[in-house]
Amino acid sequence: MAQFDMPLAEMRTYTPALDVPVDLDEFWSATLAATREHDLGATFERIDSGLKLIETFDVTYAGFGGSPVRAWLHLPVGRPRLLPAIVEYLGYGGGRGLAHERILWAAAGYAHFVMDTRGQGSTWAVGDTPDPGSDGAPAHPGFMTRGILDPATYYYRRVFADAVRAVEAVRAHDAVDPTRVAVTGGSQGGGISVAVAALVGDIRAVATDVPFLSDFPRATTLNDEDPYGEIPRYLKAHRDHVERVFRTLSYFDVAVIGRRAKAPALFSVGLMDETCPPSTVYAAYNHYGGPKEIREYPFNDHEGGEGFHDVVRMAWFAGHFGG
């Protein structure tokens, strides 16, 4: 494993000229308006996770198309006041997991909302949310090419809409201060976090680690690692779909969408990352519209900073939440 991408000095200024659909804002406004035609219907059922210092709720709310999305909400026991909340989005292939598995932010004193990713949850953590919105068209195994010939049917349209509704769902709980909600995630979850920061105008902060879904033209030609590798393998068979595919992806590229974000952002990057090449992370970072900073991990692959970076994120969120 080595630093295979551009020289670091070039990446720090890398701002690729990416196609921006002329109707990008209208597309996402219409998507969210259609999603909100369905009552959010957020329910919170208290469960026994076996943890004594964290109270856990099994959450269901209406996502894209009104279909149910599952989540966990973790709250520290003995909370004295309304809590800031951190919404966490998950990496590719994983689901919300078991109730006791992802509790860092609740242990740090926040309301911690863990969104299940529709259709996923059978690779490294279990999930409970189906994806009824698929158009049934041929696709490469995985999620990257589902509905990829049209932005209206593309898989990540549904996921990004679900993620926006996750913010609305956590704000509906009476233990949460709705004015202090942040988002975070790694890899796929990092990309979703950037998209949500752009689509929800009043997010307090976003911490995005080794983000996926960025600079598709470079990511899909620089290496053949999955999940990006699903797209060139699809195009190897569907030679006549190249223009349509990259037109669709331009609506979901977080290096494009993130220009509209205003919330403060903390990025992280592994300079030996073969899954989300570091130049694609810098594409998202350099195009990001709000105040931003980035932590570089020179000798790390897609794991990024892991526990070391958790310490950085905890201090960073405390600063943005006011203590």
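This is a predicted model: local features need pLDDT of at least 70, side-chain atom pairs count only at pLDDT 80 or more; totals for chains, interfaces and linings use all residues.
Residues are numbered from 1 along each chain as its sequence is written, and side-chain values use heavy atoms, with hydrogens and water left out.

## The sheet

Let's start with the strands. Helices (H or I, at least four residues) and strands (E, at least two) are DSSP runs numbered from the N terminus, and two strands pair if DSSP finds at least two bridges between them. Here, 9 strands make an open sheet with mixed pairing, in the order 1-2-3-5-4-6-7-8-9. Strand 1 (43-47) and strand 9 (292-297) stand at the edges with a single partner strand each, so one side of each has no neighbour in the sheet. From one strand to the next, the twist averages 20°. Helix 10 (residues 278-287) packs on this sheet, touching strand 8 (265-270) and strand 9, and its direction makes about 165° with that of strand 9. Contact means heavy atoms within 4.5 Å; axes are lines fitted to C-alpha atoms, for helices over the stretch in contact, and angles run from 0 to 180 degrees between N-to-C directions.

How do some of the strands pair up?

| Strands | Sense | Bridges |
|---|---|---|
| Strand 3 (68-76) and strand 5 (111-115) | antiparallel | 4 bridges |
| Strand 4 and strand 5 | parallel | 4 bridges |
| Strand 7 (205-209) and strand 8 | parallel | 4 bridges |
| Strand 8 and strand 9 | parallel | 6 bridges |

Trp72 has Val114 of strand 5 as its bridge partner, His74 stands opposite His112, and Val87 stands opposite Phe113. In a regular strand the side chains alternate between the two faces of the sheet. In strand 5, Ala111, Phe113 and Met115 are on one side and His112 and Val114 on the other, and all are buried. Buried means under 20% relative accessible area, exposed over 50%, and partly exposed in between (1.4 Å probe, protein chains only).

## The pockets

A pocket, on a 1 Å grid over the protein atoms alone, is an open set of points where a 1.4 Å probe fits, with protein on both sides within 12 Å along at least five of seven lines; lining residues have an atom within 4 Å of a point. Grid points are joined across faces, edges and corners, and a volume is the space filled by probe spheres set on the points.

The largest pocket holds about 540 Å³ of space. Its lining has 25 residues, with Arg102, Gly186, Asp209, Asp310 and Arg313 nearest the centre. Helix 11 gives the most to this lining, with 4 residues.

The second largest pocket has a volume of about 150 Å³. Residues lining it include Phe216, Phe246 and Asp253, and helix 8 supplies the largest share, 4 residues.
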